[in-house]
Amino acid sequence: KEYTGSIHWTGAQRGFRESPVCTDCHGEHAIRSHLDPHSPTFAGNVTKTCASCHASERITAKFSLKMDRAKSFQQSFHGLSGELGDVRAANCASCHGNHKVLPPADPASPINPANLGQTCGHCHPGAENRFINERIHTTPEAPSHWSVTVVRIVYIWLILLTIGGMLFHN
C-alpha cells in the first residue's frame, strides 16, 4: 500500500522500465530479511541499493535528477559513518522513506522543506528548528556554508606547511 503511493510506483505505472519495483530492491529469488547483512535492504546496504539507480548517468539524465545525490551522501558524515560499518547512521531510507518515496515538492514527503525538522528530529532530538534551513546534500565543490571552504583551505595549507617543514628540517 505504501509503495503504490510512491514516485517509483507512479513511474512504473507510466511504463518507465527504470522505475524500481519490489524485485529491484529486494531481489527475485534470494529474498532476505532487512535484518540480514547480505540483504540489499539491510541498513548497511541501502545506500548501495539506491545508488545503483541514482548514481547512473543514464537514469539521472533521462529523469532530470541531480547526479550528485549519491556522491554527496557518501561524502557526508552519515555516508562515511555507514561506510565504516555503523548501521545506526542515517541512510537514504532514513530521510526519504523506504517504500513511499515522494518528491520533495509533495507536502507529505519527509524531505519537503516543511517536514525536514521533524525528519531530522527522529534521530536528532531538538533539531526541529536547527536543520530546517541547512543544505543536506553538499559536496566539497558546493559546501553548505562559506566557512567550510575557509577551513578546508586553511587545513590544506597547514598540512603542506607541516610536511614542508618536516622535509626542510630533515
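S64 is exposed, with a relative accessible area of 67%, where exposed means over 50%, buried under 20% and partly exposed in between (1.4 Å probe, protein chains only). S64 sits in the loop between α4 (57–62) and α5; helices are DSSP runs (H or I, at least four residues) numbered from the N terminus. Between the C-alpha atoms of S64 and A108, 44 residues apart along the chain, the separation is 22 Å.

The model is predicted, with local features needing pLDDT of at least 70 and side-chain atom pairs counted only at pLDDT 80 or more, while totals for chains, interfaces and linings use all residues. Residues are numbered from 1 along each chain as its sequence is written, and side-chain values use heavy atoms, leaving out hydrogens and water.

The whole structure contains zero disulfides, a disulfide being a pair of cysteine sulfur atoms within 2.5 Å. Two cysteines are listed with the closest cysteine sulfur, which is too far for a bond in each row.

| Cysteine | Closest cysteine sulfur | Distance |
|---|---|---|
| C22 | C25 | 8.3 Å |
| C50 | C92 | 4.0 Å |

C50 is partly exposed, at 28% relative accessibility.

The second largest pocket holds about 240 Å³ of space. Of its 16 lining residues, the closest to the centre are G44, T47, G79, G82 and E83. A pocket is an open set of points on a 1 Å grid over the protein atoms alone where a 1.4 Å probe fits, with protein on both sides within 12 Å along at least five of seven lines; lining residues have an atom within 4 Å of a point. α6 gives the most to this lining, with four residues.

How values were computed
Points joined across faces, edges and corners; volume = space filled by probe spheres on them. Helix = DSSP H or I, 4+ residues; strand = E, 2+ residues; numbered from the N terminus.
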